[in-house]
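Dear colleague,

Please find the structure for your review below. My notes on the findings follow directly after it.

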Amino acid sequence: MSVRQLIIAALFAVIGAVSAQAADLAARIGAPLEVAGVAVRRPGRARAVAVDPGLITTDAMALVSRDDVDIVVEVIGGIEPARSLLLTALRARKAVVTANKALLAEDGMTLHSAARSAGADLYYEASVAGAIPLLRPLRESLAGDAVHRVLGIVNGTTNYILDQMDTSGAGFADALEEAQALGYAEADPTADVEGFDAAAKAAILAQLAFHTPVSAADVHREGITWVTPGDIASARALGHVVKLLAICERGNGGVSVRVHPAMIPRSHPLAGVREAYNAVFVEAESAGRLMFYGAGAGGVPTASAVLGDIVAVARNRLAGTRGPDATTYADLPALPMGQARTRYHIALDVADKPGVLARVAEAFARHDVSIQAVRQEGRGDDAQLVIVTHTAPDAALASCVTDLDTMDVVRAVASVMRVEGESDE
Ligand SMILES: NC(=O)c1ccc[n+]([C@@H]2O[C@H](COP(=O)([O-])OP(=O)(O)OC[C@H]3O[C@@H](n4cnc5c(N)ncnc54)[C@H](OP(=O)(O)O)[C@@H]3O)[C@@H](O)[C@H]2O)c1
């Protein structure tokens, strides 16, 4: 008996590994894997991995509809035609392995429901944090625990840019240009630098962590294009570093899922995640604090996760069973950003004269925001007040900043950034 595997669009590193490790994979699965076909968009294109030309086609739907195929592997990306192809495969009871974070975050419930109805597997380990085993630990290893919080660096491009800004003092534009030159950023970097990619991953993580349906539309998203060298320097002065974080929290009767730049203490495990690496920090009731770290992208590392899923679904297939579902029984509402509880770091350009601090402190009191620390830097016209708050609802912090912006003793609100990674509640 063999498992006929269909690669419907090539992460060619997966095909290379299937043939290079054929004997080992067959032994691990209990039957050989056979590549039944490979769909691509441009068949004439030179590939890093040699594939029998007879297997290549541009008609993905015809491949997916074949009766002699057990597993469909989708690494096309995007919403269509990927969604139609995967729904066709699942409805025909084929197992699906996908790396498609955008589709899972936009319409994951439709795919899960089709998989459940057909009794088919839907695995997607590579969709979040590339090579890092993360979704299966959340779905299976932590199934007996209660996850409270997930804090992740899940986009390598933005981590590389912010790391460069921190270590070399570069501005955003220069750091982006360097990331592009090194192949860490796309020619059009919007999906990464505006946080869309991280938001899709945050939705997938939140759904698995909290057993609740979460889509990309539920995620509050801010990118890193507004982060300045001044923000980075402010973080440094506080003993912090700026990271683009995906934050998933359970509390207040719902889930809060957000992606934005934030300062975290340099002592936090995520602060040491450099260059284009990814890491996800999980806080669970019994397990405590867990950290998952590794390569978040790249053809070969991502192929490891895809292949791991292929082996898992092939084993299930042979055993006549399917893996565990992503349960959504908790069905918690997604809370608006205003209800997220966080801390702010605020730098204000102020006049250095008596009474200014009292007026500023009054503004915080009006919004019921408690101040944790105040520091004055510079003198005269260069005076800057740096304030770090205690935890408060984001809406209260935001309206306090709006208030500060209109005050005559405040010349400018120079920098506002959320502070994460240590709770004071
Ligand atoms: N690359 C990574 O590091 C990485 C990591 C994690 C997850 N992912 C996910 O993997 C997916 C693909 O990303 P990628 O960066 O590898 O994209 P990519 O380089 O653009 O590759 C997409 C592949 O899909 C093929 N394709 C596109 N449209 C097709 C269609 N209509 N029919 C058949 N084949 C089609 C392309 O064929 P041609 O080669 O002929 O154009 C290409 O081989 C995305 O969902 C992404 O989020 C990628």
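An oxygen atom of the ligand lies 2.7 Å from a polar backbone atom of G298, a polar contact being a pair of N or O atoms within 3.5 Å (within protein, one must be able to donate a hydrogen and the other to accept it, and residues adjacent in sequence count only if both atoms are side-chain atoms). Taken alone, the ligand exposes 890 Å², of which the protein buries 76%; accessible areas come from the Shrake-Rupley method with a 1.4 Å probe, and for residues only the protein chains shown count as cover.

This is a predicted model, in which local features need pLDDT of at least 70 and side-chain atom pairs count only at pLDDT 80 or more, while totals for chains, interfaces and linings use all residues. Residues are numbered from 1 along each chain as its sequence is written, and side-chain values use heavy atoms, with hydrogens and water left out.

K101 places a polar side-chain atom 3.0 Å from a ligand oxygen atom, and a backbone N or O atom of A99 is 3.5 Å from an oxygen atom of the ligand. Around the ligand there are 20 residues (a heavy atom within 4 Å), and R42, R45, R47, K101 and G298 come nearest.

The domain assignment, automatic or from a database, gives domain 1 (3-134 + 299-319), domain 2 (138-295) and domain 3 (338-419). The centres of domain 1 and domain 2, taken over C-alpha atoms, are 27 Å apart. In domain 1, 19 residues are in contact (heavy atoms within 4.5 Å) with 22 residues of domain 2.

Kind regards
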